[in-house]
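Q: I would like to go through this protein step by step. Could we begin with its overall form and then turn to individual residues?

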Amino acid sequence: FVWATVAAVLRSIADVLKFGMVATRRFWAVCVQFGIVAVVAALASFALTTRYGLNGAGMAMVVIYAAHLVAVASGLLSSFPRRIGT
């Protein structure tokens, strides 16, 4: 349950940031984010679940949602305007 709780926290934060990506009309970043998360999910699930069983599945959830959070945050940060000079 600890792994699932940590994964739920990461997912909730990523979901809030994903609303920001949609609001800034970064639809391409949402598609890229889903692709990244799908690859990470396949690799993490196979590697961790086969080795650690049910605990590995929980660890895989944390890895998947951490990758989700990083992908969404980087997509959102790329939408901020750049400042030139100060």
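A: A term is needed before the overall form: the radius of gyration is taken over C-alpha atoms, and the globule rule is 2.2 Å times the number of residues to the power 0.38. Please note also that this is a predicted model.

Q: What radius of gyration does the protein have, and what would a compact globule of 86 residues have?
A: The protein has 15 Å, whereas a compact globule of 86 residues would have a radius of gyration near 12 Å. The C-alpha trace spans about 50 × 25 × 20 Å along its principal axes.

Q: How many helices and strands are there?
A: There are 3 helices and 0 strands. Along the sequence, the pattern reads α-α-α.

Q: What share of the contacts with a separation of 6 or more is between residues 24 or more positions apart?
A: Such pairs account for 71% of those contacts.

Q: And the surface: what does the accessible area come to, and how much belongs to carbon and sulfur?
A: The accessible surface of the protein is about 5,900 Å², and carbon and sulfur atoms hold 74% of that area. As for the interior, 29% of the 86 residues count as buried.

Q: Is His 68 buried or exposed?
A: His 68 is buried, because its relative accessibility is 5% and the cut-off for buried is under 20%.

Q: Which residues does His 68 touch, leaving aside those up to four places away in sequence?
A: His 68 touches Ala 14, Asp 15, Lys 18, Gln 33 and Val 37. With Gln 33 there is also a polar contact of 2.8 Å between the two side chains.

Q: On to Trp 28, then. Which helix holds Trp 28?
A: Trp 28 is in helix H2, residues 27-52.

Q: Why does Trp 28 count as partly exposed?
A: The relative accessibility of Trp 28 is 49%, and partly exposed covers values between the buried cut-off of 20% and the exposed cut-off of 50%, so Trp 28 falls in that class.

Q: Which residues form the nonpolar patch on the surface?
A: The patch consists of Trp 28, Val 32 and Ile 36, which together have about 290 Å² of accessible area.

Q: One last item: what separates the C-alpha atoms of Trp 28 and Gly 75?
A: The separation is 9.1 Å, although Trp 28 and Gly 75 are 47 residues apart along the chain.

Note on methods
Residues numbered from 1 in each chain as written. Predicted model: local features only at pLDDT ≥ 70, side-chain atom pairs only at ≥ 80, totals over all residues. Heavy atoms only, no water. Buried < 20%, exposed > 50% of the residue type's maximum accessible area, 1.4 Å probe, protein only. Polar contact = N/O pair within 3.5 Å; in protein donor to acceptor, adjacent residues only side chain to side chain. Contact = heavy atoms within 4.5 Å. Patch = residues over 30% accessible without salt bridge, like charges linked within 9 Å, V, L, I, M, F, W, Y side chains within 5 Å. Areas by Shrake-Rupley, 256 points an atom, 1.4 Å probe, with all protein chains shown as cover. Salt bridge = Lys/Arg side-chain N within 4 Å of Asp/Glu carboxyl O. Helix = DSSP H or I, 4+ residues; strand = E, 2+ residues; numbered from the N terminus.
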